[in-house]
Amino acid sequence: MQNPFNPYQPVEGRLFANRKQEQTWFQRDLIPSLAPDSLGTYNAAILGPWGIGKSSLVRRLRYLVMQMMPTPVAMAFTSCTVGFGSMMGFCDAIVNAVRQEALRLSQWDQTLEEELMRWSFEIRLPGISASRTRGSNAELSVSAAEFLRLSLLRLWERAFRVHGNGVLIVLDDVNFLQAIDPQALMLMRAVFQDLHMYQARYGLVITGPVDLFSEARDIAEPVTRFFEHLTLTAFTLDDMYDAVREPIQAVQAPLNVEDDAIIWLWERTQGHPYFVTYVMHYAFQAAMDAHWLILTKAQLRQLWPTIVSRLDQGKFRYDWNSATPSEQKTLVAIAHDHFDRVNRGLVTRLMRKGLVIKIERGQYRLYHPMFQDYVLRVGDS
Ligand SMILES: Nc1ncnc2c1ncn2[C@@H]1O[C@H](COP(=O)(O)OP(=O)(O)OP(=O)(O)O)[C@@H](O)[C@H]1O
Ligand SMILES: [Mg+2]
């Protein structure tokens, strides 16, 4: 029997649980905004800390898009990385993803394919080829924006408009793009507003950390308003019942998880989707191996030390080693609630690394109680 809990990949299809409010917004507002008769498209920013389920939610969006529209909506998905090297490299990746979608929807029409190849070549000719990417940042961004706008407009006219397909462009982990160019989101806003003016139905969905818009306020403010914000938090106790039971039902495994076991798991993981999935991955395996028909709190307790030591090796050790020796001392001080002993500069660095969260002025906590337990164990040893 296949294990339905996979902590190594964003979750898809029937294994996805909860996030009802976000799904309702997708179905009621975002997806209809891409319909041929819509008055204008919507954009969304899915925000949250690592492992909270951002990538899973955009995969869910793809699933809903496929289910909902009588006319298919094109959905071009790009995971952002600093590996794009420049804004031009990044815009090229988006255009390629959209082109692939156009070809997929046209069922790989050969004439269209040849035509699209020719265009991208032409668009590059007026001096925006990769060899020009050594200019100043501003010059580069303008060229990249122009390339993106022209390409998307042409794709709209030739491939999508005639068939009435709206297009959703999804940029996962858009914060990596800002590392290439801090103006990246401004550029995207400018391009998408222009597309809107030409009635080209492109919607933009991005994912990123909670502080995505908080860095440079003058840039951030107009960009902030451009998106509907969907901020993801951990699962509530109510959510936990579905998060644990729905995947098991999806693979029709003969295993019942007791309410008490779910409550105990929620207390330990605080409903953090990654940790819930991680723990259930091993608990499910153990239950299948031992032919248990029911998973109780006592059994989960018994499995706990093995699961925690796997997490120590597979996750917490790397988090700990990503901190310098003085940052590690700060982690230990925060784990002990000794806030008076911490250096603000070090805390800021730890917050950037996602290891520390600010509760209120002068008060902090580690990103998760299970990591806190780990820090107390290694810090005191
Ligand atoms: N709605 C959900 N239902 C079930 N499992 C989920 C859900 N959301 C997230 N998970 C689980 O949590 C794990 C992390 O989710 P995901 O990769 O989507 O998070 P993320 O916010 O994109 O993380 P990162 O910041 O690392 O990119 C996944 O492996 C998945 O199994
Ligand atoms: Mg992700």
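Of the 22 residues around ligand 1, those that come nearest are Gly53, Lys54, Ser55, Ser56 and Pro273; a residue is taken as near a molecule if its C-beta atom, placed from the backbone, lies within 6 Å of it. The model is predicted, so that local features need pLDDT of at least 70 and side-chain atom pairs count only at pLDDT 80 or more, while totals for chains, interfaces and linings use all residues. Residues are numbered from 1 along each chain as its sequence is written, and chains are lettered from A and ligands numbered from 1 in the order in which they are written.

The shell around ligand 1 comprises ten nonpolar, nine polar and three charged residues. In this classification Ala, Val, Leu, Ile, Met, Phe, Trp, Tyr, Cys and Pro count as nonpolar, Asp, Glu, Lys and Arg as charged, and the others, Gly among them, as polar. At least two residues of the shell come from each of helix 2 (54–68) and helix 11 (273–289). Helices are DSSP runs (H or I, at least four residues), numbered from the N terminus.

Both domains take part in the shell around ligand 1, with at least three residues drawn from each of domain 1 (19–231) and domain 2 (237–380). These bounds come from an automatic or database domain assignment. The C-alpha centres of domain 1 and domain 2 are 34 Å apart. Between the domains, five residues of domain 1 are in contact with five residues of domain 2, contact being defined by C-beta atoms, placed from the backbone, that lie within 7 Å. On the side of domain 1 that touches domain 2, three residues are nonpolar, two are polar and none is charged.

The description now turns to helix packing. Helix 9 (residues 237–250) and helix 10 (residues 259–269) pack at an angle of about 115°, and their axes are 10 Å apart. Axes are lines fitted to C-alpha atoms, for helices over the stretch in contact, and angles run from 0 to 180 degrees between N-to-C directions. Helix 9 and helix 10 are therefore roughly perpendicular to each other; angles under 35 degrees count as roughly parallel, over 145 as roughly antiparallel, 65 to 115 as roughly perpendicular and the rest as oblique. Leu237, Met240, Tyr241 and Val244 in helix 9 meet Ile262, Ile263 and Trp266 in helix 10. The residues of this contact are seven nonpolar, no polar and no charged.

Helix 11, which also supplies residues to the ligand shell, packs with helix 12 (residues 297–321) at an angle of about 125°, with the axes 10 Å apart. Helix 11 and helix 12 are therefore oblique to each other. On the helix 11 side, the contact is made by Tyr278, Val279, Tyr282, Ala283 and Ala286, and on the helix 12 side by Leu300, Leu303, Ile307, Arg310 and Leu311. By class, these residues divide into nine nonpolar, no polar and one charged.

Helix 13 (residues 325–335) and helix 14 (residues 344–352) have axes that come within 10 Å and cross at roughly 90°. Helix 13 and helix 14 are therefore roughly perpendicular to each other. Ser326, Glu327, Thr330 and Leu331 of helix 13 make the contact with Leu346, Val347, Arg349 and Leu350 of helix 14. This contact has four nonpolar, two polar and two charged residues.

Key:
Two residues are in contact if their C-beta atoms, placed from the backbone, lie within 7 Å.
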